[in-house]
Amino acid sequence: MVAFGKKLKERQIQEWLGYYINYKLMKKKVRQYAHQIEVGTQDRRQVLKDFSRMLDNQIEKIVLFLLEQQGLLASRIAKLDEQHDALQPQPNISQIYELREAYRAVGQDLLKLLFFVEINAVGLRKILKKFDKRLGYRFTNDYVKTRANHPYSQLQQVFKHVGIGAVVGAISRNLHELQDRQGSYLSIYDHPSLPLQDPVVDSIKAAVDRLTHSTNFLNFLAQHALIMQDELPAPPIEERVDDKKYHFMSLLLNLANTFLYMVNTYIVVPTADDYSMSLGAAATVCGIVIGAMAVAQVFSSVYFSAWSNKSYFKPLVFSSIVLFLGNIMYALAYDLNSIAVLLIGRLFCGLGSARAVNRRYISDCVPLKYRMQASAGFVSASALGMACGPAIGGFLQTNFRIYKLTFNEETLPGWIMGVAWLVYLIWLCISFKEPSREIEENSIRQESNAEAVENDSVESGPKQPLLISSEDRQQDEDGEQECDESEEAREDSHRAATSIRSAYRLLTPSVKVQLLIYFMLKYAIEILLSESSVITTYYFQWSTRTVAIFLFCVGLTVLPVNIVVGNYISNMFEDRQILMASEIMVCIGVLLSFHIFSPYTVPQYVCSGLIMFVSAEVLEGVNLALLSRVMSSRLSRGTYNGGLLSTEAGTIARVIADGTITLAGYLGNSRLLNATLLPSLLICISSIIATCYTYNSLY
């Protein structure tokens with residue numbers, strides 16, 4: 001992989017070359033310091049003093065240039081304001097148009113300045129990480145705290161954006177007043193709820209948000225999608241290429257596909273045990289019935305990911321047709337009295353899983369400024385589908401026949417979803433717009449197929465903009481090379497993995513641990529959801545409707561939990577701390593779920609289940625956020641990408657969990673709960689140990 005130094009050099013604005021961080025020089029100094037300390041020719045205090053002075057000089061150079069450019073922009077705006085005032089008595093349409101374009105030109109130059117700041121911020125973070133890793137010091141925290149909290153801090157001059165905010169405000173206000181010159185002439189400050197719809201202002205706001213990268217709900221939610229982002233921003237002129245291929249209705253169709261598929265997955269959960277018994281099988285065969293989709297999804301994810309290299313429309317059409325047929329087979333199994341037809345129908349549904357296409361469409365065809373929202377929409381659609389599926393399935397309480405076809409609580413999920421996929425297919429054929437492959441290929445070359453959600457710029461916001469969470473240090477193992485520039489240039493960072501084996505070889509120990517954690521949480525959630533109908537019927541005699549309400553309430557916790565974590569908890573603690581705490585809470589939830597003392601009560605089951613599920617949801621968001629940072633950029637594109645690997649890990653976990661339920665069923669319903677929870681507990685403990693070992697070995 002080409003090292004950060006070369007990518008930094010390629011992204012620099014040519015006319016400002018002398019004002020960027022001298023990353024190459026500082027990297028050589030770090031190697032020099034490491035060698036001097038190793039041979040004993042330099043002591044630790046002198047190294048820290050020299051390196052601190054070098055960083056201060058680099059930051060001062062950046063800040064002074066930033067202030068100079070802000071002054072030039074302010075002068076240009078002041079002159080434009082004078083022209084604007086002169087137009088007030090007698091407006092002239094042509095002059096208004098020219099003035100509006102002049103303000104937009106200032107906005108474009110401000111975008112270049114924000115791009116300049118962001119690249120330098122990333123460079124500073126990387127060199128601090130490299131220094132800590134090579135010399136084994138915890139220098140970064142001390143340096144950032146002493147500089148950021150000082151009243152004359154130059155870091156604050158950059159990351160509080162006071163001057164930049166004033167320039168953005170001036171541009172926005174004047175463009176708003178010049179917009180069409182029709183209707184009300186009130187200022188934007190009089191109607192803050194009606195923001196200016198101007199592409200330049202939108203791009204500036206997106207760049208500022210990316211630069212500060214203050215963690216919020218939308219950002220945290222988007223991390224669940226594992227749509228990875230290149231660590232360096234794309235130049236402003238390149239971002240506009242995306243708008244040519246963006247089609248909102250096509251994005252909406254992809255999100256609808258995600259929602260319907262998740263509904264399809266979980267709509268059978270409340271009634272799968274009764275359906276199995278109606279066909280002469282044991283109630284615990286519901287594990288195989290539910291898990292059959294996941295088995296097929298293991299294979300469908302690969303061919304859909306490969307297919308999306310050539311088209312998006314055709315895979316979605318194929319997915320809809322296969323899911324329509326699978327649901328019809330699922331519904332007909334009752335009248336055919338065939339468990340085989342039931343399972344084949346569920347396998348067909350799994351073969352129609354187009355989640356890889358949905359992810360790929362967002363990463364390739366949605367502009368950067370909308371990609372976080374689209375990624376959050378992907379996760380929200382999945383969560384809503386998971387909640388609505390059991391609710392719909394549990395409330396289909398009817399029984400009638402039309403000709404020779406039976407419509408009851410067991411077959412209606414199949415009929416309902418069959419009709420839903422048929423309607424979706426018609427909508428897809430009418431409204432979907434296939435993006436131009438030529439435009440997409442150009443965009444991929446320009447942006448390295450950047451995939452959104454985790455903008456790796458400045459992670460801790462304006463207070464400590466360069467403060468690095470301790471888990472970020474592992475990224476150096478797969479993202480930076482210790483060789484000199486000539487060696488780095490010979491390596492190819494744009495070559496995507498060509499097989500599962502080659503993708504696996506790109507996984508570092510920390511990435512493998514993150515995938516193990518993902519496997520664990522998906523296993524635990526699948527055990528909880530899939531066996532809920534059998535467990536609650538055996539212990540509490542719950543009806544199908546009660547089970548559906550319970551699962552619906554559990555699914556509804558996803559978004560509120562992410563709001564709390566995204567807005568509050570993630571701003572108070574490091575991701576690594578949240579990760580470990582969430583793993584421990586999942587383990588506690590599993591322990592509390594065991595049937596040790598009689599009687600086994602509803603409060604024990606509900607409370608332990610909620611602890612397990614909520615903790616797993618928090619863990620998923622944090623884990624995928626870390627995974628997107630430490631995973632090789634070679635896994636951010638191509639068929640065998642990071643999203644596919646995480647999907648496969650989660651799908652295999654679901655397959656094994658559903659198989660465990662069926663096998664444990666041979667022990668009897670009285671032992672089913674403990675028999676299925678024991679593997680969950682062992683996997684959870686293993687992931688905690690692996691996490692502790694990995695991070696302790698790093699730090």
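This report describes the fold, cavities, salt bridges, surface patch and backbone exceptions of one predicted protein model.

Because the model is predicted, local features need pLDDT of at least 70 and side-chain atom pairs count only at pLDDT 80 or more, whereas totals for chains, interfaces and linings use all residues. Residues are numbered from 1 along each chain as its sequence is written, and side-chain values use heavy atoms, with hydrogens and water left out.

## Overall architecture

The protein contains 30 helices and two strands, where helices (H or I, at least four residues) and strands (E, at least two) are DSSP runs numbered from the N terminus. Of its 699 residues, 59% count as buried; buried means under 20% relative accessible area, exposed means over 50%, and partly exposed lies in between, with a 1.4 Å probe and protein chains only. The accessible surface comes to about 28,300 Å², and 60% of that surface belongs to carbon and sulfur atoms; these areas come from the Shrake-Rupley method with a 1.4 Å probe, and for residues only the protein chains shown count as cover. Among contacts between residues at least 6 apart in sequence, 85% join residues at least 24 apart, a contact being a pair of heavy atoms within 4.5 Å.

## Cavities

Rolling a probe the size of a water molecule over the atoms shows where empty space is left. A search of the whole structure finds eight cavities of 30 Å³ or more, and the largest cavity has a volume of about 420 Å³. Of the 25 residues lining the largest cavity, M262, R355, Y518, K522 and E620 are the closest to its centre. Helices that each supply at least two residues of this lining are α11, α16 (355-365), α17 (368-394), α23 (509-530), α28 (602-630) and α29 (642-664). A cavity is here a set of points, on a 1 Å grid over the protein atoms alone, where a 1.4 Å probe fits but cannot get out, and lining residues have an atom within 4 Å of a point. Grid points are joined across faces, edges and corners, and a volume is the space filled by probe spheres set on the points.

## Salt bridges

The whole structure holds seven salt bridges, each defined as a side-chain nitrogen of Lys or Arg within 4 Å of a carboxyl oxygen of Asp or Glu.

D50 and R53 both lie in helix α3 (residues 44-87), three residues apart, which is about one turn of the helix. Within this pair, D50 is buried at a relative accessible area of 15%, whereas R53 counts as partly exposed at 43%.

## A surface patch and a buried serine

F248, M249, L252 and W427 form a nonpolar patch on the surface, with about 340 Å² of accessible area together. Patches are made of residues with over 30% relative accessible area and no salt bridge, with like charges joined within 9 Å and nonpolar side chains (Val, Leu, Ile, Met, Phe, Trp, Tyr) within 5 Å. Helix α11 (residues 248-266) contributes the largest share of the patch, three residues. L252, found in helix α11, is partly exposed with a relative accessible area of 31%.

S319, by contrast, is buried with a relative accessible area of 0% and is found in helix α14 (residues 313-336). Leaving aside neighbours within four places in sequence, S319 is in contact with N257, F304, G352 and A354.

## Backbone exceptions

Most residues other than glycine have a negative phi, and most peptide bonds are trans. The peptide bond from S598 to P599 is cis, with omega near -5 degrees, and P599 is found in the loop between α27 (575-593) and α28. Y403, which is not a glycine, has a positive phi of about 60 degrees; Y403 lies in the loop between β1 (399-402) and β2 (405-408) and is exposed at a relative accessible area of 74%. Q541, likewise not a glycine, has a positive phi of about 55 degrees; Q541 is placed in the loop between α24 (532-540) and α25 (544-556) and is exposed at 58% relative accessible area.

Note on methods
On a 1 Å grid over the protein atoms alone, a cavity is a set of points where a 1.4 Å probe fits but cannot get out, and a pocket is an open set with protein on both sides within 12 Å along at least five of seven lines; lining residues have an atom within 4 Å of a point.
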